[in-house]
Amino acid sequence: MSANNLKVGVQSIGRFLSAMVMPNIGAFIAWGLITALFIPTGWLPNESLAALVGPMILYLLPLLIGYTGGKIVGGDRGAVAGAVTTMGVIVGTDIPMFMGAMIVGPLGGLAIAKFDTWVHGKIKPGFEMLVNNFSLGIIGMIMAMVAYVIIGPVVSVLTTALGDGVGWIVDRSLLPLVSIIVEPAKILFLNNAINHGVFTPLGAEQSAEVGASIFYLIETNPGPGLGILLAYMVVGKGTAQKSAYGASIIHFFGGIHEIYFPYILMKPRLIIAVIAGGMAGVAFNMITGNALVGPPSPGSVFALVLMSTGGMGIMLTLGSIAVAATTSFLVASVIIRRDASETDDLEAAQAAVDANKAESKGQIPAGASASIAAGGEVKSIVVACDAGMGSSAMGATVLRGKIKDAGLDINVTNSAINDLHEADIVITQQELSARAKEKLPSARHVSIGNFMDASFYDKLVASLKA
């Protein structure tokens, strides 16, 4: 398997895991707020309301994950089967079964989907409702029993082993080393998979035990990325310096971390700076004992403050951001100042990267947008990113305004790559283009370096008008 195929495969697996958690982040936040407010050490201790904490993390959250996983695989019937199957791993254990839900939820959906495919066209008229209801009930029962007898105990052992491994890392103060993996993985657009697929479940389990978790602060800390953008503001030049001001606001206050990725891809040595910043932030939190009560999503400073613990929690959270940003800024400033061999022209760097990657993958490079109109009438354009919310939503807004000003009758929307189903043109970042093309091969695919690159959209609109 080639390195590119391996990367796409890892992105797909990570995206599938995070897709089960991301739609339910609101429920995690609700549980986090209830925990922060009403547990004995919370902001407003209340014994009665604190009774919500245990059932929510033991039953509600795993069931939501299992339901969502089943729906991804088997639609609405798969969602019900996924939830029923998830009860099999929940019952008989006193630990939150997030890992179990991520396994058996999709299995339940797959079982009902396979059955529906097998009986398609074979059910006699008038018996559809009978077959549908009883097949779902019987298959759900069988899968729940399998989950209870076989999968649940195995997952319990794995969860305990994983918890012991994490405890070993924490006890030896090695947790900052995780940034060596996390920060480069984020640049490969695995940030949502890492945060929602790994750290959110781990954090929820730890938070259920001690009231807060440091895992919520590893990937979401905006400090490392902020340090990169600040370094470009101070010692950068050209378009990169000018655009860093707006990017820092979107990154820090909006929580859209993807916006700083092109600045690192332009100068790959800057990965050292974000790793250093990430390690410094994690180390600060370990030393001070700082943690969050729930997952901050998106990774905005507002979300992190809201999920901070009482007392000095808010100041410690802001301190961890400041430490990470300062460390990243200092390292990045040295790299940018000495890196005279590479351009600071962000547009030129993005165009070069787009052209090289598009040529190697047989895709349309960003600078060749003039050829798009030749492919036929364009009625719909989708701007797609990994999660389908932050960065792609901003890009779609920019393009939509330019399409309207040009008087073109083209519908512009944003979407997650896994949700692509119909479009004439799909615009996504070069690292995600392979997945987008695999998901919707009938569309014309265009790579972009930065979703806020107005010049790219100007060229696209000009070609569409032509």
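**Close-up 1: Strand β1, tucked inside.** Strand β1 (residues 380-385) has 6 of its 6 residues buried, so the rest of the structure largely encloses it. Here, buried means under 20% relative accessible area (1.4 Å probe, protein chains only), and strands are DSSP runs of E with at least two residues, numbered from the N terminus. This is a predicted model, where local features need pLDDT of at least 70, side-chain atom pairs count only at pLDDT 80 or more, and totals for chains, interfaces and linings use all residues. Residues are numbered from 1 along each chain as its sequence is written, and side-chain values use heavy atoms, with hydrogens and water left out. In a regular strand, side chains alternate between the two faces of the sheet. In β1, Ser380, Val382 and Ala384 are buried on one side, and Ile381, Val383 and Cys385 on the other.

**Close-up 2: The neighbours of β1.** Strands pair if DSSP finds at least two bridges between them. β1 pairs with strand β2 (residues 411-416) in the parallel sense, over 6 bridges; look for valine 382 and its bridge partner in β2, threonine 413. β1 also runs parallel to strand β3 (residues 425-429), joined by 3 bridges. There, isoleucine 381 has isoleucine 425 of β3 as its bridge partner.

**Close-up 3: Helix α8, mostly covered.** Helices are DSSP runs of H or I with at least four residues. In α8 (residues 223-235), 11 of the 13 residues are buried, including Leu226, Tyr232 and Met233. From first C-alpha to last, α8 reaches 18 Å, close to the 18 Å expected; the expected span is 1.5 Å times one less than the number of residues.

**Close-up 4: Helix α5 and the glycine after it.** Glycine 121, which follows α5, has a positive phi near 80°.

Note on methods
Buried < 20%, exposed > 50% of the residue type's maximum accessible area, 1.4 Å probe, protein only.
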